[in-house]
Amino acid sequence: MSTRSTPAFFHLDKALFGPTATIHADIANLAGDYSYLTTGYYASLEAELAGLKVLPTTADALDAYVVPIAMEKAARADLPVPPHEIVTDRFPPAPMLAYPINPFSWKGELLLDDAAVESRRKGLTYTGKYAVLVQPLPHDHRIDVLRLVMGRSLVAEYTGLARQLFEVFRLPLMRVRIIVTPKAYLLSAIEPLRFDELGSEERACLEGLGTWRG
Amino acid sequence: MARLAIFTERYTIRSSVELTALTNFRLAAFEQGHELDFLFKNELKYLRNYDGILIRALTDPLNTTYVVARTAEMLGKRVLDHSDAILICCDKVNMYARLAAKGVPIPETRSLEESDLSAVNAARLLEELGAPLVLKAPNSSFSAYVDKVATPDAFVKVGKRFLRRADRIVVQQYMPSDFDWRVITLAGTVLGVVRYEFAPNQWKLMDRTESGEWAKVVGIDVADASPKLLQVALAAANATGESLYGIDLKEIDGEFYVIEVNEQQHQRMVHKITAAVGRADGDRLDGVTVAALGLTFKAGTDDMRDSPALRILRKTQQRGATIRAYDPTVQGDLDPHRATQVRDFEIAATAVDAIEGADVVVVLTEWPEFAALDFTKVREAMAGDTIVDCRNLLDPAAVRASGLRYTGIGRPSS
């Protein structure tokens with residue numbers, strides 16, 4: 001295999017969370033988009049093939065982005081998740097969030113009423129050929145989108161959850177959709193947060209953690 | 001009796017050949033006293049009701065098949081294919097890199113990203129590897145998105161088309177032949193050998209001639225197949241994870257080159273451990289104590305992440321065995337993460353403590369101190385009489401001289 005230009009890697013030279021750190025790695029891949037077969041994915045793969053402990057591994061990336069896997073992984077780590085189901089034809093009553101499981105599309109859709117479900121049912125499943133993960137929404141909820149940089153959120157409300165999400169899913173950069181109900185913060189899905197989308201405060205937060213590498 | 005499920009899809013059972021194969025499989029399960037259900041993607045909430053799952057549908061990390069494999073693993077179920085194997089084999093960049101790293105013979109292979117795709121680079125590669133070259137999209141299957149190119153212009157044109165599917169393409173030396181070998185392996189054993197004889201003047205299995213002639217599929221008795229063919233195929237299976245594999249090879253002047261590994265292995269270690277205590281494959285291991293020597297993924301590190309040792313031990317434990325493990329780096333007060341990794345095992349302070357009264361000793365990490373053990377003392381301390389050496393670390397003669405039986409990997413057992 002030929003050698004190629006190394007994308008932005010981040011060398012971790014400090015323990016991330018002090019003495020109880022549960023994340024051990026040599027380098028962090030800061031591409032932010034680790035989708036299967038993309039440049040960011042291959043950066044992690046090359047690090048793995050070179051025998052380095054990298055954040056994230058290719059398997060970490062898929063665990064986070066493939067929503068039904070993320071649901072199981074979160075639940076096993078005691079992170080609350082919404083009720084969810086894999087369907088091909090029978091959708092639950094609206095409203096719901098729907099995430100396609102197929103090689104062609106990954107964008108989640110918010111289906112607010114039964115008319116929306118009816119009009120999108122075939123499109124989302126490619127006429128029943130592929131599965132969709134649906135998360136029925138409670139009536140009293142809001143949806144928050146978090147931007148996490150190495151397990152840190154600039155929103156104080158999310159400090160604890162941000163760290164937990166990082167410990168479970170291990171993606172240096174992530175965009176996380178949370179369903180907030182009066183009782184709980186429920187993980188809905190994890191999506192790419194590209195490095196070039198980061199603001200100056202988020203970059204400053206990164207600078208404090210380690211050093212850049214070639 | 002086990003409760004088994006075959007995960008399958010509509011497009012699979014639509015083929016009469018596939019449906020016959022699946023029903024034969026179900027009959028075989030019934031005859032052995034197992035339950036077997038077919039499971040479809042809208043029924044995945046019932047996955048947890050089964051002990052083992054066989055996937056018989058197109059595997060792709062972005063398809064439901066990967067969700068099935070990964071979820072089954074998290075639930076502690078046995079599953080074929082394993083998610084690692086799907087991840088490696090569905091991406092040819094990954095697959096060829098793993099084969100090359102393990103020294104498995106493959107055609108000369110490079111991978112390119114978009115910024116490398118130019119007429120100048122194409123001309124250089126055609127010079128270096130010879131014309132024509134074979135271009136492959138990393139996620140191609142059934143030989144779609146595989147094309148031969150003979151000129152720099154064609155190279156760039158085809159390369160651009162493939163780069164719409166992924167951010168890399170694979171460039172490979174072309175090996176002409178009238179047939180491919182396919183070797184089917186499971187858990188380090190060859191299950192079958194097939195010769196694919198291409199339709200006249202065609203070079204891919206799924207091509208047919210204008211008159212509609214397809215490739216012929218000819219079954220070969222494993223005993224009649226070239227030992228070298230089987231050896232290369234098993235090396236390829238070993239390099240790419242744990243699964244039921246169909247390995248495609250080219251034969252050129254008596255040498256064999258792996259061109260594809262289709263996933264569909266640690267399991268073989270569990271088989272060896274099971275056999276070492278005199279039980280039949282698939283039997284429960286209740287009442288068996290396994291002394292595990294080594295937990296880290298290699299010697300000289302304290303890293304247990306992705307360690308094959310842990311996976312083999314967990315699988316063995318799932319069968320009912322008690323695991324008593326010793327590793328020089330897994331001692332004293334462990335940090336919470338490491339403690340979690342080994343919480344289901346008894347941790348011994350010395351190798352001798354781990355071995356005391358054990359039914360079988362399994363070497364899982366190549367720590368030099370294990371090779372230096374006094375095997376006569378090991379023989380006296382353990383209740384059983386077999387050492388399974390998953391790392392081929394020990395000197396089989398030294399082990400046998402003490403009256404122990406030795407099982408290694410790809411070495412004769414005694």
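Me: Hi! Which radius of gyration does chain B have, and why does that agree with a compact globule?
Reply: Hi! Chain B has a radius of gyration of 24 Å, and that agrees with a compact globule because one of 414 residues would have a value near 22 Å. The radius is taken over C-alpha atoms, and the globule rule is 2.2 Å times the number of residues to the power 0.38.
Me: Before we go on, what kind of model is this?
Reply: It is a predicted model, where local features need pLDDT of at least 70 and side-chain atom pairs count only at pLDDT 80 or more, while totals for chains, interfaces and linings use all residues. Residues are numbered from 1 along each chain as its sequence is written, and chains are lettered from A and ligands numbered from 1 in the order in which they are written.
Me: How much of chain B is buried?
Reply: In chain B, 41% of the 414 residues count as buried. A residue is buried if 20 or more other C-beta atoms lie within 10 Å of its own, exposed if 12 or fewer, and partly exposed in between, with C-beta atoms placed from the backbone.
Me: Which residues are buried in α5(B)?
Reply: Helix α5 of chain B, residues 92-101, is mostly covered, with seven of its 10 residues buried. They are B:K92, B:V93, B:N94, B:M95, B:Y96, B:A97 and B:L99. Just after α5(B), B:G103 has a positive phi of about 75 degrees.
Me: Switching to chain A, what is it built from?
Reply: Chain A has six helices and 11 strands, and 44% of its 214 residues are buried.
Me: How many residues of chain A are in contact with chain B?
Reply: On the chain A side there are 31 residues, in contact with 31 residues of chain B. Contact here means that the C-beta atoms of two residues, placed from the backbone, lie within 7 Å.
Me: Which element gives the largest share of that side of chain A?
Reply: That is α3(A), with five residues. By class, the side of chain A that touches chain B has 16 nonpolar, eight polar and seven charged residues. Ala, Val, Leu, Ile, Met, Phe, Trp, Tyr, Cys and Pro count as nonpolar, Asp, Glu, Lys and Arg as charged, and the others, Gly among them, as polar.
Me: What about sheets: in what order do β8, β9 and β10 of chain A come?
Reply: The order is β8-β9-β10 in an open antiparallel sheet of chain A. Its edge strands are β8 (142-149) and β10 of chain A, each pairing on one side only. Two strands pair if DSSP finds at least two bridges between them.
Me: How many bridges join β9 to β10(A)?
Reply: Six bridges join β9 of chain A, residues 173-180, to β10(A). In β10(A), A:E191 is the bridge partner of A:R175.
Me: Which helix packs on the sheet?
Reply: Helix α5 of chain A, residues 159-169, packs on it and touches β8, β9 and β10 of chain A. The direction of this helix makes about 65 degrees with that of β8(A). Axes are lines fitted to C-alpha atoms, for helices over the stretch in contact, and angles run from 0 to 180 degrees between N-to-C directions.

Terms used: Helices (H or I, at least four residues) and strands (E, at least two) are DSSP runs, numbered from the N terminus.
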